[in-house]
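Hello,

Here is the structure I promised to pass on. Please have a look at it first, and then read on for my notes.

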Amino acid sequence: MTPFVLFCGGIAVFYVIYRIFLVGVSAVTLEHGLESPKKSNVCVADDTRLHDPDVILSDAYQKRIQNQPALSSNLIKNPTLTENGLNAGEPNYYNHGVENENTIYEVPSDTDGAPFLRVTDIKKDTSQDDRPTWISDMVPIEPEKSYDYGFSYRSDKPVQVTMEYLDGIGGNEKGHYRDIGALQPSSTWQRFTAHVDDADHILAFRVGATTIGEGHIDTRAYDVHQIPDAKLKQGMVSITFDDGWESVETRAKTLLDKYQFKASFYIISDVSAQSVDGYMGFSTIKHLKSAGHEIASHSLTHCDQTTLTSQQIKDNAEQSKKTLESQGLGPITSFAYPLGQYNKTTQDIYSKNYTYIRTSDAGYNDRYFDETNIHSMGVLNATSDETFKSWLDFAAAQHQWVVLVYHRIDETGKYSVTNDQLDRQFALIKQSNLQVLPLSSAAQSAR
Ligand SMILES: [Zn+2]
């Protein structure tokens with residue numbers, strides 16, 4: 001009995017167990033299989049999305065940004081926090097994000113005498129999304145330019161980084177907030193770095209950091225400077241299919257051939273190994289591979305990886321890759337999270353086993369993309385041709401890479417598109433003149 005049955009009792013696995021039952025297996029295994037599918041234990045299909053994960057920006061990505069040559073000086077005013085006097089001893093050009101009786105703002109000095117910004121949240125109201133933080137003045141962004149932004153921090157709780165920005169869509173300046181990422185607590189100073197450009201019509205921005213839960217956070221050395229352009233040489237699109245549904249073979253393949261597109265197929269290895277009804281088996285997947293498509297991993301059994309032990313995650317990462325490669329479907333260099341769920345533990349393990357990790361975090365990818373968090377756009381039954389075309393137009397105009405995620409064709413559920421819909425969408429891709437590449441090939445050419 002393969003180990004997955006011991007910890008996953010999902011819909012797909014239920015079929016597997018049923019199949020095993022048909023060919024005859026010990027009563028003990030069968031009993032386990034029939035008794036165990038409790039709701040909490042079920043590895044659900046993609047039709048049920050769980051909470052959105054906190055975005056984790058990898059060290060490799062942050063280093064890549066930090067290593068870019070600076071094309072301007074620091075655009076943050078008073079980065080050393082030593083100029084003050086405008087506002088009762090507080091550093092000039094910095095403000096408090098949220099004022100309430102549970103938040104203390106201070107500017108203490110470190111052991112070397114250098115000042116830093118401290119926010120202490122003494123009674124975090126988790127029901128309320130107040131995010132007390134020190135914030136610098138807004139930094140304007142020039143069109144067609146890319147910027148590195150960062151700060152140093154230490155904190156006794158995990159940290160949420162949020163960007164506040166002004167956009168000018170339709171000529172109206174409007175303020176917005178965007179979650180940038182989650183940081184681990186650290187008692188020593190750490191550096192956080194990311195990048196931004198005007199692709200989202202951002203006119204000006206600033207970032208703030210706040211603790212997740214009651215605690216304190218220290219920040220200093222805010223920095224924003226111009227770096228080389230993040231745009232790709234040309235816009236690209238990758239077409240990906242999750243779960244290995246049979247309808248992909250019977251429907252999508254014909255259309256892929258018609259438009260001469262090569263796609264990436266994320267396979268649930270134990271499901272395909274067991275020839276489960278509704279899913280492609282390895283012989284079918286081999287035809288896709290030999291037709292020039294990319295085969296990639298979607299775990300062993302489609303469990304939410306964040307609910308598993310480290311050993312189980314490791315098994316999913318290693319064994320799914322090994323199984324697919326032993327079938328001649330390799331090299332398997334890419335992985336996509338079932339249900340889009342990930343955390344620091346899963347990222348640490350999967351990034352050791354795969355060069356590219358596709359998440360379900362919505363968005364586009366530019367030249368500085370994080371290979372362990374490749375953003376994607378889920379194509380749903382409800383996705384209109386107009387919306388779909390707007391993604392392609394954006395990728396073409398901004399020279400970005402858009403990764404499309406499909407599931408089933410002509411079946412039920414909001415994750416199933418119709419054959420006609422797919423035909424129209426592929427026609428739009430053809431008209432867009434975007435370069436169409438499987439995910440791993442696109443990732444390589446994006447650098
Ligand atoms: Zn899936």
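Before the rest, a word on the ground rules. This is a predicted model, in which local features need pLDDT of at least 70 and side-chain atom pairs count only at pLDDT 80 or more, while totals for chains, interfaces and linings use all residues. Residues are numbered from 1 along each chain as its sequence is written, and side-chain values use heavy atoms, with hydrogens and water left out.

**The protein as a whole**

The secondary structure comes to 12 helices and 23 strands; these are DSSP runs numbered from the N terminus (helices: H or I, at least four residues; strands: E, at least two). Of the 447 residues, 53% are buried (under 20% relative accessible area, with exposed meaning over 50% and partly exposed in between; 1.4 Å probe, protein chains only). The accessible surface is about 19,600 Å², and carbon and sulfur atoms hold 50% of that (Shrake-Rupley method, 1.4 Å probe; for residues, only the protein chains shown count as cover). If you take the contacts between residues at least 6 apart in sequence, 74% of them join residues at least 24 apart (contact means heavy atoms within 4.5 Å).

An α-helix has 3.6 residues a turn, so residues three or four places apart point the same way.

**Salt bridges**

Side chains of opposite charge can pair when their charged atoms come close. The whole structure has 17 salt bridges (a side-chain nitrogen of Lys or Arg within 4 Å of a carboxyl oxygen of Asp or Glu). Here are three of them, then a network.

- Lys231 pairs with Glu144, and their closest N and O atoms are 3.4 Å apart. This pair links distant parts of the chain, 87 residues apart: Lys231 is in the loop between strands E13 (215-227) and E14 (236-243), and Glu144 is in the loop between strands E7 (139-140) and E8 (146-155). Lys231 counts as buried, at 13% relative accessibility.
- Glu164 and Arg206 meet at 2.9 Å, N to O. Glu164 belongs to strand E9 (residues 159-167) and Arg206 to strand E12 (residues 202-211), 42 residues apart. Glu164 is buried at 18% relative accessible area, and Arg206 is buried at 16% relative accessibility.
- Arg424 and Asp385 bring their closest N and O atoms to 2.5 Å. Arg424 lies in helix H11 (residues 419-432) and Asp385 in helix H10 (residues 385-398), so the pair ties together parts 39 residues apart in sequence. Arg424 is partly exposed at 42% relative accessibility, as is Asp385 at 26%.

The network links Asp110, Arg118, Arg154, Asp218 and Arg220. Arg220 is in strand E13 and is buried, with a relative accessible area of 18%. Leaving aside neighbours within four places in sequence, the contacts of Arg220 include Leu81, Asp110, Phe116, Phe151 and Trp189.

E7, E12, E9 and E10 form an open sheet of 4 strands in the order E7-E12-E9-E10, with antiparallel pairing (two strands pair if DSSP finds at least two bridges between them). The edge strands, each pairing on one side only, are E7 and E10 (174-183). E9 and E10 are joined by 9 bridges.

Finally, two residues have a positive phi without being glycine. Asn78, at about 60°, is in the loop between helix H4 (59-66) and strand E1 (84-87) and is buried, with a relative accessible area of 4%. Asp243, at about 85°, is found in strand E14 and counts as buried at 4% relative accessibility.

Best wishes
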